[in-house]
Amino acid sequence: MTVLRCGHCKALAPTWEKLAEQIHKKYKTVVIAKLDATANDTGDDVKGFPTLYFYPAGKNKMRRRIAYNGGRELEALLDFVEDNAESIEEDREEKDEL
């Protein structure tokens, strides 16, 4: 979640775009999105910006958000998204086997 006038949000924007490009190439079902917190009522208790969450896809999984508290470098963000995307894929594969 971002705020348009936030300096930290503006600084993260180019890295966020690179993250989106790289993740889209590898995971077609993962969406890297921006949400303007001033224009949207999220219901989340946000204390600072940018605030980064990973929301697993699927019914009722939106409630299971995973907060990101790591570095703002591309590699750190890639690791976080890939770790969570792969764990979701593993869960999906296990359910398919049942």
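So, K34 and E17: these two form a salt bridge, with the closest N and O atoms 3.4 Å apart. This is a predicted model, by the way. K34 sits in the loop between α1 and β1, while E17 belongs to helix α1, so the pair ties together parts that are 17 residues apart in sequence. How open are the two partners? K34 is exposed, at a relative accessible area of 53%, and E17 counts as partly exposed, at 38%.

Okay, how many salt bridges does a search of the whole structure find? Two. The other pair I'd like to show you is K26 with E82, whose side chains meet at 3.7 Å, N to O. Here K26 is in helix α1 and E82 in helix α2, so this contact links parts 56 residues apart in sequence. K26 is partly exposed, with a relative accessible area of 49%.

Now, helix α1 itself. It runs over residues 7–26, and at 1.5 Å a residue those 20 residues should span 28 Å; the end C-alpha atoms are 30 Å apart, which agrees. There's a kink, though: about 40°, at A13, shortly before the proline P14. And which α1 residues are buried? Among them are C9, L12, T15, W16, L19 and I23.

Last thing, confidence. The protein chain has a mean pLDDT of 82, and 80% of its residues reach 70 or more. Confidence is highest in α1, at a mean of 94, and lowest in helix α2, residues 74–97, at 76.

Notes. Residues are numbered from 1 along each chain as its sequence is written. Side-chain values use heavy atoms; hydrogens and water are left out. Helices (H or I, at least four residues) and strands (E, at least two) are DSSP runs, numbered from the N terminus. The expected span of a helix is 1.5 Å times one less than its number of residues. The bend at a residue is the angle between axes fitted to the seven residues ending there and the seven starting there. Buried means under 20% relative accessible area, exposed over 50%, partly exposed in between (1.4 Å probe, protein chains only). pLDDT is the predictor's confidence in each residue, from 0 to 100. A salt bridge is a side-chain nitrogen of Lys or Arg within 4 Å of a carboxyl oxygen of Asp or Glu.
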